[in-house]
Structures are given as structure tokens and as C-alpha cells.
Amino acid sequence: MPPKITNSTRWQQAETLMQPAFIRVIDNIRKHLDVSDWKGTYHDVLIWPAGTSDQTKAVVTQLIEEMETAAPKKLEEIRENLALLPIPHPGYHLRLQRQEQQVNVDLWELCYQVCFMNYSPENISVDVYIDTSLIDELGQIEWQLLENKTQQVVKKVFDSLPEG
């Protein structure tokens, strides 16, 4: 789930950092894959709120599909129904495979680790703080610091893969 940001300044800083962080994460993953026996593929996924039942997921998915061809009156009814249901947010995963081993990595989670000081996927209710060392006093990205931190985060992923 996306981190909790309640401060507008932090929100603007996050917007400044997220795209460059994502690009650096992808590039650093590529560098690791180039020298690894792991193979990586990227996948769009839907991230559902915790505790969402399979039945609810099916209903939401069906309603979203119906929206594509619904008449205006029906479209409004569908929107009203969806407003009462948990809605997934888009995610982007890296599937790492080596022989029969498989590991899925949430790429947005890696970006959050790069951009925020206190991000923890286990505790998303905590307000996060931007790693302000990654932004200079003019609001520009400190590219080398961003690269260094991204390298550390991606290295941890590859260091934690099962040996085989």
C-alpha cells in the first residue's frame, strides 16, 4: 500500500522524487540481472486493501469491466456501487526466477524505501518522512545521493535471494 503522507510539503517532495527513484530502481535491477543467474520479468498487478475477499474482488472487477460499455444512467449506478467497495490500486512487480525458484518484488515498495526515511510496508498507518538528503536547498534532486541509496536498496533485494 502507498505510504501515508499528510503534509503537503512532503507530498510535493515525494512527487519530485518518485519518478527518478523508479527509473533508478529499474536501471539498478537491470545491472544486477546482467550479472546474475536470476531472470526478471515485469508485471502490472492490482494491489487490494488488506482483508478484501475473493468474492469482493470479483464483484469490483466485474463492475469495472461493465463501466466500459455502460450507458450513462447505468454508469452512474456502477460508480455509486464502487464507491462503497474497496478499490485496488495499480502496482508493478518484478518476478525473479531461477530454475524452480521464484520471488516477487514490489517495485513501488523499493521506491518508497528509497524516497522515505521511515517507510515500512508492515506499518503503513505511520506518516512517512521524505529523505530530504535526496533534495537540495533549491528543491532539485541530489542525483548521486539518489543513485547511492537506490543501489543499496536494490542490492539488499539481490542479497536476500535464496542461494542455489
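Both arginine 24 and aspartate 27 are buried, a label given here to residues with under 20% relative accessible area, while exposed means over 50% and partly exposed lies in between (1.4 Å probe, protein chains only). The model is a predicted one, in which local features need pLDDT of at least 70 and side-chain atom pairs count only at pLDDT 80 or more, whereas totals for chains, interfaces and linings use all residues. Residues are numbered from 1 along each chain as its sequence is written, and side-chain values rest on heavy atoms, with hydrogens and water left out.

Side chains of opposite charge can pair when their charged atoms come close. Arginine 24 and aspartate 27 do this in a salt bridge, at 2.8 Å from N to O; the term stands for a side-chain nitrogen of Lys or Arg within 4 Å of a carboxyl oxygen of Asp or Glu. Both residues sit in helix 1 (residues 8–34), 3 residues apart, which is about one turn of the helix. Helices (H or I, at least four residues) and strands (E, at least two) are DSSP runs, numbered from the N terminus.

Aspartate 34 counts as exposed because its relative accessibility is 55%, and arginine 30, at 39%, is partly exposed.

Lysine 31 pairs with glutamate 147, their closest N and O atoms being 4.0 Å apart. Glutamate 147 belongs to helix 5 (residues 143–159) and lysine 31 to helix 1, so this pair ties together parts that are 116 residues apart in sequence. Glutamate 147 is buried, with a relative accessible area of 10%, while lysine 31 is partly exposed at 37%. Put together, Arg24, Asp27, Arg30, Lys31, Asp34 and Glu147 are linked in a network of salt bridges. The structure holds 11 salt bridges.

As for the chain itself, it has 5 helices and 3 strands, running α-β-α-α-β-β-α-α from the N terminus on. Its C-alpha atoms fill a box of roughly 55 × 45 × 25 Å along the principal axes. Of its 164 residues, 35% count as buried. Among contacts (heavy atoms within 4.5 Å) between residues at least 6 apart in sequence, 68% join residues at least 24 apart.
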